[in-house]
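Subject: Structure handover

Dear colleague,

Please find the structure below.

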Amino acid sequence: MASGESHTWTGIREELLQRIHDRIWQPGELIPHEADLAEEFGCARTTVNRALRDLAESGLVVRKRRAGTRVVLNPPQRATLTIPIIREEVEALGKAYRHSLLIHDQRPLPPMLHGAFQAALSGDVLYLKTLHFADKRPYAFEERYINLQAAPEATKADFTKISANEWLVQNAPYSHGDLSLFAMSADKAAAEKLDTAPGSALFAMERITWAGEQPITHVKLVYAPGYRMRTAL
């Protein structure tokens, strides 16, 4: 570590992180006390404390009063997912994409989503139902709520020309989100929209995206039989 970094908590964190990655400190091993590390790096003990606190919040070390700090035995493994644009998914399969906007209106957020959004929205939200096609076959059915406080320009967007999925990716940057993946059986309505038999196994997902503390959108996507989700780790 460069001498100019030795007194910053971020520089100390990077050095400690390197020691964990290089197995200088083994999983489950007790690492030196804060006072010893502060002496080694020539800094205040509070600076070391801040670096260790960050590592603990990342799940790489466990800190206990009077017991010291240990490297975790099983560090968390994280994957970063990006929101796919359905048009691009379809075109990557070599098929022609189009979408049909089935419902477009403003309405109060339904009570079932109050807990999920974790926000009391004062105004109406934009409600959309969209059917996406690959060639002439249904590809996915989308039901979406857009918080107009977070994305007010959505009221002016022509969602017959661009899907809400693609418009939001381009116009409503998100900081984080929640994603649920699940299987479901096609009820009569889903079977009709996706041109499949009732009871067919379908892949579905629900996703909420946020800009800081403000929810942007809640979407439920149900895919036609044969859909396969691919991502990178």
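**Cavity and pockets**

The largest cavity has a volume of about 100 Å³. On a 1 Å grid over the protein atoms alone, a cavity is a set of points where a 1.4 Å probe fits but cannot get out, while a pocket is an open set with protein on both sides within 12 Å along at least five of seven lines; lining residues have an atom within 4 Å of a point. Grid points are joined across faces, edges and corners, and a volume is the space filled by probe spheres set on the points. By this rule there is one cavity of 30 Å³ or more.

This is a predicted model, in which local features need pLDDT of at least 70 and side-chain atom pairs count only at pLDDT 80 or more, while totals for chains, interfaces and linings use all residues. Residues are numbered from 1 along each chain as its sequence is written, and side-chain values use heavy atoms, with hydrogens and water left out.

The lining of the largest cavity consists of Ile-83, Arg-144, Asn-165, Leu-168, Val-169, Ala-172, Tyr-174, Arg-207, Thr-209, Ile-216 and Thr-217. Two or more of these residues come from each of helix H6 (164–171), strand S7 (201–211) and strand S8 (214–223). Helices (H or I, at least four residues) and strands (E, at least two) are DSSP runs, numbered from the N terminus. H6 gives the largest share of this lining, three residues. By class, the lining of the largest cavity has six nonpolar, three polar and two charged residues. Here Ala, Val, Leu, Ile, Met, Phe, Trp, Tyr, Cys and Pro count as nonpolar, Asp, Glu, Lys and Arg as charged, and the others, Gly among them, as polar.

The largest pocket has a volume of about 850 Å³. It is lined by 37 residues, and Pro-84, Glu-89, Met-205, Tyr-227 and Met-229 lie nearest its centre. Helix H4 (86–92), strand S5 (137–146), strand S6 (176–185) and S7 each give two or more residues to that lining. By class, the lining of the largest pocket has 19 nonpolar, nine polar and nine charged residues.

The second largest pocket holds about 220 Å³ of space. Of its 13 lining residues, His-33, Glu-34, Lys-64, Gly-68 and Thr-69 are the closest to its centre. H3, strand S1 (61–64) and strand S2 (68–71) each give two or more residues to this lining. Its residues divide into four nonpolar, three polar and six charged.

Helix H2 (residues 34–41) packs on helix H3 (residues 45–57) at an angle of about 110°, with the axes 8 Å apart. That makes H2 roughly perpendicular to H3. Axes are lines fitted to C-alpha atoms, for helices over the stretch in contact, and angles run from 0 to 180 degrees between N-to-C directions. Angles under 35 degrees count as roughly parallel, over 145 as roughly antiparallel, 65 to 115 as roughly perpendicular and the rest as oblique. The contact (heavy atoms within 4.5 Å) is made by Glu-34, Ala-35, Leu-37 and Ala-38 of H2 with Arg-45, Val-48, Asn-49 and Leu-52 of H3. By class, the contact of H2 with H3 has five nonpolar, one polar and two charged residues.

The axes of helix H1 (residues 9–21) and H3 come within 8 Å and cross at roughly 50°. H1 and H3 are therefore oblique to each other. From H1, Trp-9, Ile-12, Arg-13, Leu-16, Leu-17 and Ile-20 meet Thr-47, Val-48, Arg-50, Ala-51, Leu-52, Asp-54 and Leu-55 in H3. By class, this contact has nine nonpolar, one polar and three charged residues.

Between H1 and H2 the packing angle is about 110°, and the axes are 12 Å apart. That makes H1 roughly perpendicular to H2. Ile-12, Glu-15, Leu-16 and Arg-19 of H1 make the contact with Leu-37, Glu-40 and Phe-41 of H2.

Regards
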